[in-house]
Amino acid sequence: MQWVIGAVLVLLVAMLLGFSLLAYAMYALLGVMVISRLLADRWSLHLSARREVNREKANIGQTVAVVVTLKNKHWLPIPWLLVEDLLSKRALIHRPPSLEVVGRRLQLVSFRGEARKTLTYQLKCIRRGYFQIGPMIVETGDV
């Protein structure tokens, strides 16, 4: 928001002082900022995620396979998406941790329009306990 206010102030100063090239540059900058924000809002509305695990209960030493499927339901491509499937702090703070993550549960991906991405990782159970998988955090923004 500070960028928009700054660009509007520079535009007003340029118009008052008659700097037409600077005014034109600020018009172009403001246009790019508005279009970029509208596109980011649009593509984030048409995104869905689904998590599947191969088992809900596991013994010590067993692994749980986690498959996260992301789907872009719109024709607009998504240039960047930061996806993180969270685990409870209690599962990771011990030495060794209660759950060992094999693979990546934090990834940066990009999508074509109407595309699907699959992210996979495994959790190796090292200690007893109940550990929640998720929620999933997905971040995106303008280019």
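**View 1. Who sits around Leu-81?** Leaving aside neighbours within four places in sequence, Leu-81 is in contact (heavy atoms within 4.5 Å) with Leu-47, Leu-70, Gln-107, Leu-108, Val-109, Phe-111, Val-138, Glu-139 and Thr-140. A quick note before going on: this is a predicted model, where local features need pLDDT of at least 70 and side-chain atom pairs count only at pLDDT 80 or more, while totals for chains, interfaces and linings use all residues. Residues are numbered from 1 along each chain as its sequence is written, and side-chain values use heavy atoms, with hydrogens and water left out.

**View 2. The largest nonpolar core.** Leu-81 turns up again here, as one of the residues with the most contacts inside a core of 20 residues, together with Leu-70, Phe-111 and Leu-123. Helices (H or I, at least four residues) and strands (E, at least two) are DSSP runs, numbered from the N terminus. A second, separate core has six residues, among them Ala-7, Ala-14, Ala-23 and Met-26. So what is a nonpolar core? It's a set of buried Ala, Val, Leu, Ile, Met, Phe, Trp, Tyr and Cys residues joined through side-chain atoms within 4.5 Å. Buried means under 20% relative accessible area, exposed over 50%, and partly exposed in between (1.4 Å probe, protein chains only). In soluble globular proteins, nonpolar side chains tend to be buried together.

**View 3. Arg-51 meets Asp-85.** These two form a salt bridge (a side-chain nitrogen of Lys or Arg within 4 Å of a carboxyl oxygen of Asp or Glu), and their closest N and O atoms are 2.8 Å apart. The pair links distant parts of the chain, since Arg-51 is in strand 1 (residues 47–53) and Asp-85 in strand 3, 34 residues apart. Arg-51 is partly exposed at 30% relative accessible area, whereas Asp-85 is buried at 2%. The side chain of Asp-85 also makes a polar contact with the side chain of Tyr-121, at 2.7 Å. For a polar contact, look for a pair of N or O atoms within 3.5 Å; within protein, one must be able to donate a hydrogen and the other to accept it, and residues adjacent in sequence count only if both atoms are side-chain atoms.

**View 4. The other salt bridges.** The count for this model is three salt bridges. Glu-52 pairs with Arg-50, with 3.3 Å between the closest N and O atoms. Glu-52 is partly exposed at 38% relative accessibility, and Arg-50 is exposed at 55%. Glu-84 and Arg-105 meet at 3.7 Å, N to O. Glu-84 lies in strand 3 and Arg-105 in the loop between strand 4 (99–103) and strand 5, so this pair ties together parts 21 residues apart in sequence.

**View 5. A loop histidine.** His-74 lies in the loop between strand 2 and strand 3. Is His-74 buried or exposed? His-74 is buried, with a relative accessible area of 13%. Not counting residues up to four places away in sequence, His-74 touches Arg-42, His-46, Gly-113 and Glu-114.
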